[in-house]
Structure formats: C-alpha cells, structure tokens
Amino acid sequence: MNKDIPARADVMIAGGGFAGLALAIALRQGLGDAFTVVVADPALDHPIADARSSAIAAAARRLFSALGVWDEVVSHAQPILDMVISDSKLEDVVRPTFLTFAGEVAPGEPFAHMVENGRLLAALHGRAAADGIVLASDAVARFATGPDRVAVTLAGGASVETRLLVAADGARSALREQAGIGTVGWSYGQSAIVTTVAHERDHRGRAVEHFLPAGPFAILPLTGRRSSIVWTETTAEATRILALDDAGFHHELERRFGLSLGELSAVGRRGAFPLGLKVARSFIAERFALLGDAAHMIHPIAGQGLNLGLRDVAALAEAMVDAARLGLDCGGATVLERYQQWRRFDTLSMGLATDGINRLFSNRSDVLRLARDIGLGMVERLPALKELFIHEAAGITGEVPRLLKGEAL
Ligand SMILES: Cc1cc2nc3c(=O)[nH]c(=O)nc-3n(C[C@H](O)[C@H](O)[C@H](O)COP(=O)(O)OP(=O)(O)OC[C@H]3O[C@@H](n4cnc5c(N)ncnc54)[C@H](O)[C@@H]3O)c2cc1C
C-alpha cells in the first residue's frame, strides 16, 4: 500500500468500500496519471470480515467490466438464471410460487450475478493499487472548506488539500454530519441475518425469496453448491436467533429454507445488520459530495443498495471527467449540481419502492396477503410488466451513464 500521502490531490475520497474504490478507479482511468486520487480508510489495511454476498445487477457488472475489475471476480460470480417468489406463513408445508422471473436482460446476459463481498472488495483494492491510486490506511478526521480547496485532516495527522472531498464513508457517515447534511428516514425495527450455506443439490442458478410474515427470507445462489442467506426478522428475534448454538441455529434455518436442495450445512459465519431507510437531504455541499450508503441506505429486500451506490459512482465520475476534459473545475458547483440532479430522483424512487414492498409483505394480515397475492398473480400473467421489472432491477432504465453501459469514460 502506498503510504506517501501527497499534500495536494485533485480528489480525496473518504471510504475505501465498494463505492469509494470504484469512483477512484473510474476517475484515474478517465483522467490519467496526472490526476491525483487519494482514498483514505482505516479498513484498507485491516479489512472487516463481511459475511455478506451481493447481487450485482447487469448495469453494475458492465461498470466493473469497463473498469477492468470483473475479470478478477468472474470465476467466483454465480449468474442468477431465474427467480421465484412465494408468499407464505412459516408453518406452511407447501409454499406456492406466485411470481417467477427468467433472468436475462439481453440474450446471454443475466440480469444479476451473486458475488461474495470479500472477493469483490479484494478485486477493487487490487485494481486501485495497480492503477496508482494513493491508498492511505487512515480515517478522515475533519475538513475545512475554502472557495477553491478543501483542507482535509487525517486522524494520523497528515493533511491534504483537494478540489473535492467525496464522503463514501458508509451509512453512519460522520463526514455527512460534519458537512451539516441531515437525513430523512426511519428504522424498520428489523434486522437481516446473513450467512452462507452449502446444500446437497445444485440450485441451478435459481434465487428464491419467501415472503414470510416477519419479512423476506432470501436464498441467493453462489458458486458451487452454496447459497447466501438474507433472512429478515424483528431485531429482537434476530438477536435471539444469532445467539443460538449451532444446532439451534440450524433448526431455525431449516424451518425456513426447507429441504428442496437436500441436507444443509452452514459454511460461513453469521452476522446481523439493522435495517432502515435513510436518505440524505442533499447529496452535495460546497466542494463536497456524498456517495453510496453515505447518501442513502435502503432495505436489502431487492438487493439494490450497492447497485444504487455504483450508479452514483458512474454519474459522479462522468460529470467530473466531462468537466475536467473541458478544462473546468471538476469539484465546482456545476459538476456537483449535475451529479445531484442525476441521482436524487432515482434514489428516492428506489428507497420508497423497497420501503413499500417491505411494508406490504412484512406483516401477518390475511387481507393484505390476499391483496398482494392477487397483485403478484397479475404481474405473473403480464410479460411486459415482468420485463420492465427485470430491466429496472438490472439498472438499465432511464438516462444511463456511460460506465453503466460498459463504455469507457
Ligand atoms: C444484509 C444486507 C444485504 C445486502 N445485499 C445487497 C445486495 O445483494 N446487492 C446490493 O446492491 N446491495 C446489497 N446491500 C447493500 C450494500 O451492502 C451496501 O449498499 C454497500 O456495502 C455500501 O457500500 P459503500 O461503499 O457505500 O459503504 P461501506 O461498504 O459501508 O464502506 C464505507 C467505508 O468507509 C470507511 N469509513 C468510515 N468512516 C470513515 C472515515 N471517517 N474516513 C475514512 N473511511 C471511513 C469504512 O471503514 C468502510 O470501509 C446489502 C446490505 C445488507 C445490510
């Protein structure tokens, strides 16, 4: 890791998660070696073990291909070939399928792939280092904004003057607070339990989502005979389940998973994530931009949080690269306004859509169950609507930035 932190940088990115590293790579590749990019994150040297895997939508996969990252993960990426949705109670012996989706956005192009978070982060890290991005294993402690520059101070004492500070420091962004940007949203009182299981039979690339009264229980295919589990419960119940011994945890898992893929065995660690909706009131301030979860945190019900963050990356990178090539200030107000306009509406619509789906399904009302089952049954019979949902989930509707089409900047 390059520890020589320059006193001046064109852009400083706080947060070396998926969003921060992807933006750094996009800018460096778009603007060349003379453009200095610094990424600061204490976790760069000590990655936090992540039990999660992510559904990478087609548009995000195109972005990773354009950045030269996808080749590093493709052998560990499981295409989602189809998806089935059931609406049932925990004690139901049979869980009838209400909705099915065949999984291609274009011939031979799956609408999403499943990849383990650790592998994807390692590939981004490797690409960033190879591209000459300065990787500083330190936190951004504070910043002071002047008319032309931002003076950024790291926790270890180093300081960097930059034209733009990008806060990609996650859902609990301290820099968002320092910038005085508030959020709107609420907690769902739910947590997602995550783990990885191995099973006897092949999943054949099928993703399954059982809408149970406590919330969705998703079985997402990984390479080999393995699946990633995202299992929503009330936070109190999630805490109880997580604390069970292996046999007790296995029992609860099997009650929900069923035996359609044969015997199950846990092969990954367990974790739980509190769920909420949180959207920043503004994505920008003077010489300051929020990116990824720092700008928005949504329910994982549709596997879209990271994908939204990568759409931020594509939009901000394109706005900055276009301005810099015209000799304009890439951290100036015009660039930031363009970024915000591109991203706010899409983020709010996705946030509200996931909120609505979660509220509709996470309850025990028989009346609501009947209503949603009629709704799902209608969608099942309307191929054009299904195709629209698939394209929306794949991230290829609306005004799509170049990277999300797989084009270089
Ligand atoms: C259970 C679950 C399942 C999910 N499944 C999916 C899915 O299938 N598909 C999908 O698209 N999304 C999914 N998501 C959402 C996805 O995981 C997040 O949207 C994504 O991880 C956010 O990435 P990020 O880079 O914005 O933030 P993070 O991954 O949170 O990275 C933030 C980084 O900032 C660093 N940092 C913090 N403070 C500072 C500081 N002061 N200075 C410097 N660095 C700092 C941290 O160390 C961290 O590395 C899921 C989420 C959950 C909870």
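Q: Where in this predicted model is the place of His-203?

A: In this model, which is predicted, His-203 has its place in the loop between strand 14 and strand 15, the latter made of residues 206–212.

Q: Is His-203 buried or exposed, and how does one decide?

A: The general idea is that a residue counts as buried when its relative accessible area is under 20%. His-203 has a relative accessibility of 7%, and therefore counts as buried.

Q: Which backbone oxygen does the side chain of His-203 reach?

A: The side chain of His-203 reaches the backbone oxygen of Gly-224, at 3.3 Å.

Q: Which residues come nearest to the ligand?

A: One begins with the residues around the ligand, of which there are 27, and among these Asp-41, Ala-55, Asp-293, Leu-306 and Asn-307 come nearest.

Q: How do the residues of the shell around the ligand divide into nonpolar, polar and charged?

A: The shell around the ligand holds 14 nonpolar residues, together with nine polar and four charged ones.

Q: Which helices and strands each supply at least two residues of that shell around the ligand, and which helix gives the most?

A: At least two residues each are supplied by helix 1 (18–31), strand 3 (53–57), strand 14 (183–199) and helix 8 (305–325). Helix 8 gives the most to the shell, with three residues.

Q: What lies 2.7 Å from an oxygen atom of the ligand?

A: For a polar contact, the general idea is to look for a pair of N or O atoms within 3.5 Å. Here an N or O atom in the side chain of Asp-293 is 2.7 Å from an oxygen atom of the ligand. As for cover, the ligand on its own has 1000 Å² of accessible area, and the protein covers 84% of that.

Q: How many residues has helix 9, and how far does it reach from its first C-alpha to its last?

A: One can compare the span of a helix with the span expected at 1.5 Å a residue; helix 9 (residues 333–361) has 29 residues and reaches 42 Å, close to the 42 Å expected.

Q: Is Leu-336 buried or exposed?

A: Leu-336, which has its place in helix 9, is buried, because its relative accessible area is 2%. Leu-336 and Glu-286 are 50 residues apart in sequence, while their C-alpha atoms are 8.5 Å apart in space.

Methods
Residues numbered from 1 in each chain as written. Predicted model: local features only at pLDDT ≥ 70, side-chain atom pairs only at ≥ 80, totals over all residues. Heavy atoms only, no water. Near = heavy atom within 4 Å. Polar contact = N/O pair within 3.5 Å; in protein donor to acceptor, adjacent residues only side chain to side chain. Areas by Shrake-Rupley, 256 points an atom, 1.4 Å probe, with all protein chains shown as cover. Helix = DSSP H or I, 4+ residues; strand = E, 2+ residues; numbered from the N terminus. Nonpolar A, V, L, I, M, F, W, Y, C, P; charged D, E, K, R; others polar. Expected span 1.5 Å × (residues − 1). Buried < 20%, exposed > 50% of the residue type's maximum accessible area, 1.4 Å probe, protein only.
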